[in-house]
Amino acid sequence: LRFYKLRPESRFLDITRQVFQAFLHPVSDGGVVSYYPDGSIVFEEFPTSPPSQVLNGHMFAILGIYDYAIFWQDKIAQDLFELAVSGLKRNLRRYDSGYWNFYDLHASRRLAAPMYIKVHVQLLNILAELCGDPFFKNYAIKWESYLANPGCRLRWLVEKAREKIRVRL
């Protein structure tokens with residue numbers, strides 16, 4: 001849709017309708033939908049088995065669905081956006097280590113690089129504004145505090161070193 005705004009050719013609009021279909025189907029059926037343990041939907045950036053549930057990919061997808069819903073005035077997309085936001089609210093805690101945040105929910109429990117925390121914070125701030133919900137803003141503030149805290153940064157560095165050693169073994 002954003003490319004269409006730069007080059008208004010109808011074929012790009014057709015592509016948006018085709019691509020949106022992936023958000024209506026589980027990974028097992030060729031889509032990008034997987035599920036959190038509570039049954040909430042999560043959009044896969046990398047459709048893997050087992051699901052990785054990459055946080056920034058999921059939030060970018062949610063915002064893309066929002067854009068699609070607004071552009072097309074599409075009720076299904078609007079409902080999907082609301083469903084995904086609701087599920088993210090119930091599951092965002094899964095990405096919080098207590099001193100840092102996880103890049104994804106893969107069994108490897110990979111901590112996010114500082115750059116990704118900055119991306120997560122920006123996306124949470126956008127969701128807070130779009131939804132008018134302080135829940136997302138509060139997480140953004142919390143995760144920014146992890147970045148600013150030297151103790152949290154040191155712990156992240158130690159854990160990342162352990163992670164790299166574990167992967168090589």
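Predicted model: local features only at pLDDT ≥ 70, side-chain atom pairs only at ≥ 80, totals over all residues.

Author: Within helix 3, the buried residues are Leu55, Asn56, Gly57, His58, Met59, Ala61, Ile62, Leu63, Ile65, Tyr68 and Ala69.

Reader: Nice. What covers the buried residues of helix 3?

Author: The cover includes helix 2 (10-20), strand 2 (41-43), helix 4, helix 5 (114-131) and helix 6 (134-148).

Reader: At what angle do helix 3 and helix 4 pack?

Author: About 150 degrees, with the axes of helix 3 (residues 55-72) and helix 4 (residues 75-91) 8 Å apart. Angles over 145 degrees count as roughly antiparallel, so helix 3 is roughly antiparallel to helix 4.

Reader: And which residues of helix 3 and helix 4 make the contact?

Author: From helix 3, they are Leu55, His58, Met59, Ile62, Ile65, Tyr66, Tyr68 and Ala69. Helix 4 brings Ala77, Gln78, Leu80, Phe81, Ala84, Val85 and Leu88. By type, that contact has 13 nonpolar residues, 2 polar and no charged.

Reader: Switching to backbone: what is phi of Gln73?

Author: Near 50 degrees, a positive value in a residue other than glycine. Gln73 sits in the loop between helix 3 and helix 4.

Reader: Is Gln73 buried or exposed?

Author: Exposed, because its relative accessibility is 65% and the cut-off is over 50%.

Reader: What about Arg109, where is that found?

Author: In the loop between helix 4 and helix 5.

Reader: Last one: which peptide bond is cis?

Author: The one from Ser49 to Pro50, with omega near 0 degrees. Pro50 lies in the loop between strand 2 and helix 3.

Definitions and conventions. Residues numbered from 1 in each chain as written. Heavy atoms only, no water. Axes fitted to C-alpha atoms, helices over the stretch in contact; angles between N-to-C directions. Helix = DSSP H or I, 4+ residues; strand = E, 2+ residues; numbered from the N terminus. Parallel < 35°, antiparallel > 145°, perpendicular 65-115°, else oblique. Contact = heavy atoms within 4.5 Å. Nonpolar A, V, L, I, M, F, W, Y, C, P; charged D, E, K, R; others polar. Buried < 20%, exposed > 50% of the residue type's maximum accessible area, 1.4 Å probe, protein only.
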